[in-house]
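Biologist: I am new to this structure and would like to know what stands behind the words used for it. Please show it to me.

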Amino acid sequence: MMQKVDKIVLSQNWTLIHKEKGLRLSTEVPGSVYESLIENNIIEDPFFGLNEHKMGWIYESDWEYHLLFDLDKAFLEHKNISLRFNGIDTFSEIWLNEEFLGSTDNMFVYYEFEVSSKLNQKENVLKIVIKSPTKVAEEEIKKHKVKLNTGSDYLPGVPYLRKAQYSFGWDWGPKLPDIAIWKPIELIGHDGMRINSVLIDQIFKYNMEPTEIENPQDITNIGVMAVDLSIKIQLSGVDDVSKYQIQIELTAPDDTVLSQRHDFDSLINFHIEYPYLWWTHDLGTPNLYDLKVSLLNEGIVEEFKQKIGMRDLRLIQNEDQWGKSFYFILNGVPLFAKGANWIPIDSFIPRGKKKGLYQSNLKNAKEANMNMIRVWGGGIYETDLFYDLCDFLGLLVWQDFPYACAIYPYHEEFFKNIQLESKQNVIRLRNHPSLALWCGNNEIEWLWLWELKISEIEEESVIKKYMDGYIKLFEEIIPRLLEIYDPNHFYWPSSPSNGFPGQDLGSTDSNSADKGDSHFWEVWHSNKPFKAYKKFHSRFMSEFGFESFPSMKTIEEFCPSEQYIIFSPIMENHQKNSAGNKKILDYMKKRFSIPEAFENQVILSQLTQAEAIEYGVEHWRRNRNQHHCMGSLYWQLNDCWPVASWSSLDYSNRWKALHYFAKRFYQPLFASVNESKKDAELWVTNDYKIQRNVRLEWKILDYRSSLLKSGEKQLIINPCTSLLVDKIDYEDIVKRSEQIILINLFDTEHGDLIYQNFRLLDAPKRFPLKNPSLTWECHKSADFEYEIEISSKELALYVFIDSDKFDLIASDNFFVLEPNNSKTIVLKELNFVYSSEPYPLVNKTDFIVKSLYDLIEFS
């Protein structure tokens, strides 16, 4: 009887060595050199203060990982034993029992070596020598005589390396290139054939063709009648395939099992009527089936297991009155993509994974009503955990290939390297229901001329070589590989892009509002006011952003109190965008009166950021009719270290004001105000696949809370529709800077308040504030949850809850309270900030409840 494929993970009892410094540190794998140095008190936290600049010796050094291990005799009896390195970052030489196995030069590639004849039962010695990435980059620059880089402020040469590009520095990240074994190392024993890969194909049968629907009311009636599921299995190894059987088990969410078993066949088909569909969480349940593929030879030889989803996702690009559409249809329903851009979770990725940052960041994305995450091209192909979580949470993934903002080599050895990289990762990720689209790169097409300039490429003949290299990589090699290994997902050549530019690279408008996807940076980088968003009618806004400071608790983790000044050396070091802190302050001054207290300045920076992004999102969501605009992904969701940045979740996973705003403005059903000098349009947007009966109430108050105008509208809003509900004429109102529009949206069937918000008719600093005299009471409502009821005597703007004692997530925050009104907020995930004590007992005095009045220090 053939033995089952056997795996041993080599994770414990490693030694990390730095010969020149005489360091020998016990460590584990996966792990980072920085992580081990921190744990052993060799270095201080690289994120604290100015410590980042003391770390050069680490990334300029070579490091060795050593492991001494024994093996059971039974394992050594396998005919074939391979040693698999799932991820080494990045340049290494590998030795087993003093015999050279090979080298690595790509952190995104797994390397596998046959080692059957090289292993002993006792005292095997595995040695991995990882070279300095910056020295390798310098060697490449000297070799090719071109200083490829991602910007003049960052370490040069990283485009030559198949390593996470952000690690050499970015405008939100430190210059801390990691040196790591960032994924597991395994010994794999087997005796014959193995399962090499599995590809899932799905053909959907509808009761009506989704792309032919013109009336939004018909969207409700779309139904999937059946799915024809094909499972393609590829084996590897040298053996007689006729000796093997294959067994497929497909377990539905209701535990119904479909099963087939017969002599090996590379193609297995199932017909599934009325399947449980995978939806984004806002449209339905992200149902998952458990797929188990078993290779048999008198017993189980190997098993492949994966959760899969029955879902049909199409990217629709049709000519229309504005240009060309760009939107997704999920199971027949036009989807407005709502979400953010994702960067790597930590400068030291293995540490971030151990800290649970994947789970917390993605859970918080769902909590903020996001349905799509864009994995940005300056990072990595994410770990399996990331996509598993997105599958489970109902989040779609726009996946950039890891190339960003740079000119890349055109040499054949580079192309050979990236072909292997692309193939491996496409095969790894292609079956995830969350995977929406493959994109070639981030902004290389759009910034082509700038990229040539920063790399000092001026000769026409040299420019032509790099242009041809770009076309070969992003318009030939990658799409050709996808046709072979993942024909089920759409490929888009760059972001932003209008499509394949070919020889027009650098001379075409890659960021047109009329077709393709768009990035918009006039607000922020070009210092334009928020209203500039409304002048750009994107088809799919895949990147736009605005900066703020992280939470005060997070600032405390990297900055001593004596440097609580926006322009202090440490605060400036934790700001990587040129003059970024000044820009934050300049925008704040346009919106708010600036208080003296640093902690209040921090909160106002977050409010300014939140208002900016809200302004853009509301505009693009109002324009979803006829698929004019069908996506809004702001920059960025998360941080890789504690920093002033565009994120809505800071490095310590604390919600900024923007994340609370996002929870509101990304609701599937919400209202918005489109104000002008003379009037304000009131809109309701419904992203659900069913119509909704709602009531919109509005009023205009002055700062004394006197009612100037009011109204309400009962309406039925169709699925996947934005509707202009009312228009308020306020030309007759004087001193509009002292007026506020309040809107409340109710579900008329149940009477529930769905959405509440406000819009000032001028900058908040021009609105006279009265002391709202906030009061609150607190009580426990459930295990690990508390309720706090807040009351206000006067109009209160941006009411927020915080605590010096513990972290928390509120059901709502930075909201408006009308005069003589109260609101109950649920608090959850309370954790002590400064200790790991058991779950806290809470009382009223543990909380801080403030509003804008308190921030600008009227009291």
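This is a predicted model: local features need pLDDT of at least 70, side-chain atom pairs count only at pLDDT 80 or more; totals for chains, interfaces and linings use all residues.

Modeller: Residues are numbered from 1 along each chain as its sequence is written, and side-chain values use heavy atoms, with hydrogens and water left out.

Biologist: What makes residues 133-144 a helix, H4, and what span is expected of H4?

Modeller: Helices (H or I, at least four residues) and strands (E, at least two) are DSSP runs, numbered from the N terminus. H4 has 12 residues. The expected span is 1.5 Å times one less than the number of residues.

Biologist: Which residues of H4 are buried, and why are they said to line one face?

Modeller: Buried means under 20% relative accessible area, exposed over 50%, and partly exposed in between (1.4 Å probe, protein chains only). The buried ones in H4 are Pro133, Thr134, Val136, Ala137, Ile141 and His144. Seen down the axis of H4, they fall within an arc of 160 degrees, so they line one face of the helix. The arc is taken from the directions from the helix axis to the C-beta atoms. On the face turned away from the buried side of H4 are the exposed residues Glu139, Lys142 and Lys143.

Biologist: What do the buried residues of H4 pack against?

Modeller: They pack against helix H2 (56-59), strand E8 (91-96) and helix H8 (412-429). Contact here means heavy atoms within 4.5 Å.

Biologist: Why is Asn581 called buried?

Modeller: Asn581 has a relative accessible area of 0%, so it counts as buried. Asn581 sits in helix H13 (residues 580-591). Leaving out residues up to four places away in sequence, Asn581 touches Phe549, Ile566, Phe567, Met571, Glu572, Gln575 and Ala644.

Biologist: Which backbone oxygens does the side chain of Asn581 reach?

Modeller: A polar contact is a pair of N or O atoms within 3.5 Å; within protein, one must be able to donate a hydrogen and the other to accept it, and residues adjacent in sequence count only if both atoms are side-chain atoms. The side chain of Asn581 reaches the backbone oxygen of Ile566 at 2.9 Å, and the backbone oxygen of Met571 lies 3.3 Å from a polar atom of that side chain.

Biologist: Is Lys823 buried or exposed?

Modeller: Lys823, in strand E44, has 19% relative accessibility and therefore counts as buried. The side chains of Lys823 and Asp812 are joined by a polar contact of 2.7 Å. Among the other residues that Lys823 touches are Gln756, Ile788 and Phe815.

Biologist: Why is Ala579 called exposed?

Modeller: Its relative accessibility is 51%, so Ala579 counts as exposed. Ala579 lies in the loop between helix H12 (569-573) and H13. Its phi is near 60 degrees, a positive value in a residue other than glycine.

Biologist: What makes a space a pocket or a cavity?

Modeller: On a 1 Å grid over the protein atoms alone, a cavity is a set of points where a 1.4 Å probe fits but cannot get out, and a pocket is an open set with protein on both sides within 12 Å along at least five of seven lines; lining residues have an atom within 4 Å of a point. Grid points are joined across faces, edges and corners, and a volume is the space filled by probe spheres set on the points. The second largest pocket has a volume of about 1100 Å³. Its lining has 44 residues, with Ser551, Lys553, Arg654, Asp807 and Leu808 nearest its centre. Helix H14 gives the most to that lining, with five residues.

Biologist: How many cavities of 30 Å³ or more does the structure hold?

Modeller: There are four. The largest cavity holds about 50 Å³ of space, and its lining includes Asp89, Met107, Tyr166 and Trp182.
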